[in-house]
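Here is a short report for a first look. It starts with the core and then turns to the domains.

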Amino acid sequence: MMVRTAFVLLLSGLSASAFAGSFAGTSAGASSAGSSGSSGSTSGDDKVVLQAREDAAGFVASDGRIRGARLEAALRHLRASNAAARDASDLEIAQAILAR
Amino acid sequence: MPLRICRRTALAVLTCLLAVPAAASGWSVTHTAHGAPLDARESTAAFAAVESVRARLPPRWRDADDLDVAIEWRNDLPETVHGRAFGPHLRMRRALLAPDDAHARESALLHELAHRYDRSTHGGLSRDARLRDLAGWPQRPLRLGTRVRENAMRDRSPDAYELTSPAEFVAVNLEYFLTDPDYACRRPALHAYFAAHFDWAPSAADCAAALPFVEAEASGRETPLLPLDPARVYAVDYLLAEGNARPMSAWGHSMLRLVICAPGRPAGPDCRLDLQHHRVLSFRAFVDDVQISNLRGLTGRYPSRLFVLPLDQVIDEYTRIELRGLQSVPLRLAPDEIASLLERAATLHWSYDGRYWFVGNNCAVETWKLLHTGVPRLADARLRSITPNGLLRKLARSGDADASVLEREDAVRAGFYFPSADTEYQALFDIARTAQALPGTTVEDWLASEPESRASWLATTGQRDGAALLVLEHAARRRNELELRDALKRRLLDPRQAARVAPAVATLRELLAAGDGLSRPAQLIDGGYGLPQAAEQVVLRDGVDARALKLRGLRSQLEGEARAALTVEEQARVAALDRNVEMLGARLRALHREAGGLQLD
C-alpha cells in the first residue's frame, strides 16, 4: 500500500487521514500521553487541557522557554474555569497539566 | 409598436402572426407557428406565458431596448430540446403550448429569453470573468488568460445542462434566480452577482446564517456536521505547512485556517486561542485506492476535495508526525469578505468534483482560486502561483497577508507559528542529561535505543528532566508508529503475504469508501441543489452520523488487523514503548503529588 506515500503526502497533503493513527498498532496518538484520565469520553474542556499536555511538558522541562500556543490556550482556559488555577503561576499550572 | 411581419423564406409553410401588446416593455414579442397556425387556445397560452415571464423580469431587462424577439413554435425540435435562440429568433417546442405545461412552457421561454438578453449589449454575463469564476470555469494558472474547458461543479447542480457552456449556465441560472425563492440561499454568490447586475432582486427566502459543512474527520463522538456562521469567524489565516527535504515537498502545502470563536466569546483577537474550535480548509487529493500512484497524481486521476479538518488534528499531523512547521499568516479581510470567502468554500464543498494535478491544479492553485473567487478583490493575476510558499510570498507582497506576525517575539505562543516538534528534541535531551548521566550525546542515539534500555532511566527522573523525557518518549513512539506503518504497507503489497493481509486490505478499502462520502458530502443526500437547506440537512444528519459511526468502527477494526499483522518483536516493541509512556506519566503524577503541586480537580 502506498509505496511512495511519503512523497505524495508531503507534496500535496493527500488524504492521509485514513492512515493517520490507524496503522499505528497502538491507540496512542499524541493526546493520550500516558495519562490516567485520557481514555473514555473527553468533554471539550478536558480536551483543551489534554491537547496542551505535550506543550506543558516542554514548558516545565525548559523552565518556560518552550511555550506553545496550546499551553497558552489551556492556561487561559483553566484560569477562567478552575478556581484552584486562578491565582497560580504559569509553571504551577503547566506542572498540574503534566500531572493529569 | 408597429406590427411586425414575420417571414422566413426558408419555411415552406407560412404562418399566422400575432403581436403582443408591449405595454410596459421596451421590446416586442411576435409569435409564429411552424405548420398549422396557432389555434385560439395555443395563442392564448403563448400570450399568457410571455406576459407571465415578462412580469418576472427585472425592470432593467423588461424595459431594455433592442431585445425584440420573434418566437416560432415548432413541432420539429429534437426530443430533448425545448427551445433554441438564434439572435432575436426563438424556436420553441410547440407541444409546450399544451394545457398542462405552463411551468415547463414558462421555464423554457425564460431560458431562451435569457440567451437573448445575455447576447445583447445589456447582458454579456456569460463573457464576464467574475461570472465564469463563480460558475466553475476558472482561469488556468499556467496559461495566461485561458480558462479550463470542463466545469467541475458537478455535484448538486439544479440542471446538469448548465455545465455545457457559460451561456447555458447563465440561462439556467437566470431561470432559477427569477423563479426559485431559495436560489438566494442555495447559490448565494450567484444570487448576489445577478442582483448587483440588475440592481434588483426578486423576493427571496430568509437564509440561515450558518453554512453547512461536513468534517472529514470528526473527532470523538461528535457529529461531523459543522454549521458555520461566518460571523463567528474572527479571521482567516493562510496556513502553510513548510516544505522539508523530500524532493517535491519543498513547496509546502497551503491551507486556510478559520479562526472560529468559542461559543459566547465576542469575535475579536481573543478568539485566536480558541484553538479547539478552529478549523482548517485543505484541498487534498482523495486517494480512493489502496495503492497510491505518482502517475495518477501527475495525470489528474485523483479527485481534488476540499477537506474540513480540526486545527488540532492538522497541528498534530504536520508538526508531530511529519515534523514540519506550520506558518499561520493572517489575511487582511473585512468581515463581509470573510463571509463571502466561506460561502465560496461551502459551495465548493458541496458542488466541486475537480481533479488533482500535481502541477496544474495542486493545493496552491485550488487555494488561490478559492481566495480570488471568494474575495473578488484578490482576483489579481499577479497573485497567481502554483506553489504554496510562492502564493504566500505574493499575498504578503501585495499586503493581503500580514507576514510580520512570523517575526513577532510571541509568534509561537500566540499561535502564528507552530514549530516542528523535533526542533526542541536535542535541547530537551540536554536538559535531561544534566539531571542524569544518560547514555549517548545526541538525541538521535537516545531515540534509536531500545525502549527497555531507557526504562530504568525513566524510573528515576525528577520532575523537570522527566518532563523532557516524556516529550522524547512520545517522539520515539510516533517514530516507531511511522516505521511500522511503512513496514505494514510493504507487507500489504507483497504478493507472498497476500492471504495474511487480505482482511486489512479489505477493511482499508471499505474505510476509503466510507471516507469518500464525508469528503464529498453531496453523495450523502438527494434532492435540492447548491447549499443544502434545512429539510435536506435533517436527512443529511442521519446519513452523516451513520457514516461517521461506520468509519470509527472500521478504523478500530483496521487497527486490530494491523496489530495482528505485526511480528512478535514488533508487538513487543510497541508494548515496551507504551509501558515507558505509562510509567513516566505515573512517575510525574507521583512527583507532583509529593511536591504538593496544584491539583486541577
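## The main core

In this predicted model, the largest nonpolar core has 123 residues, and Val236(B) and Leu472(B) touch the most other members. A nonpolar core is a set of buried Ala, Val, Leu, Ile, Met, Phe, Trp, Tyr and Cys residues joined through C-beta atoms within 7 Å. Buried means that 20 or more other C-beta atoms lie within 10 Å of a residue's own, with C-beta atoms placed from the backbone; exposed means 12 or fewer, and partly exposed lies in between.

Helix H16 (residues 463-493) of chain B gives the most to this core: 11 residues. Helices are DSSP runs (H or I, at least four residues), numbered from the N terminus; strands are E runs of at least two. Domain 3 (211-419) and domain 4 (423-594) of chain B both supply residues, so this core lies between them.

## Domains 2 and 4

Domain bounds come from an automatic or database domain assignment. The C-alpha centres of domain 2 and domain 4 of chain B are 44 Å apart. Yet 8 residues of domain 2 of chain B are in contact (C-beta atoms, placed from the backbone, within 7 Å) with 7 residues of domain 4 of chain B.

## Chain B overall

Chain B has 19 helices and 14 strands. Of its 601 residues, 46% count as buried.

## Reading the model

Residues are numbered from 1 along each chain as its sequence is written, while chains are lettered from A and ligands numbered from 1 in the order in which they are written. Local features need pLDDT of at least 70, side-chain atom pairs count only at pLDDT 80 or more, and totals for chains, interfaces and linings use all residues.

Methods. Contact = placed C-beta atoms within 7 Å.
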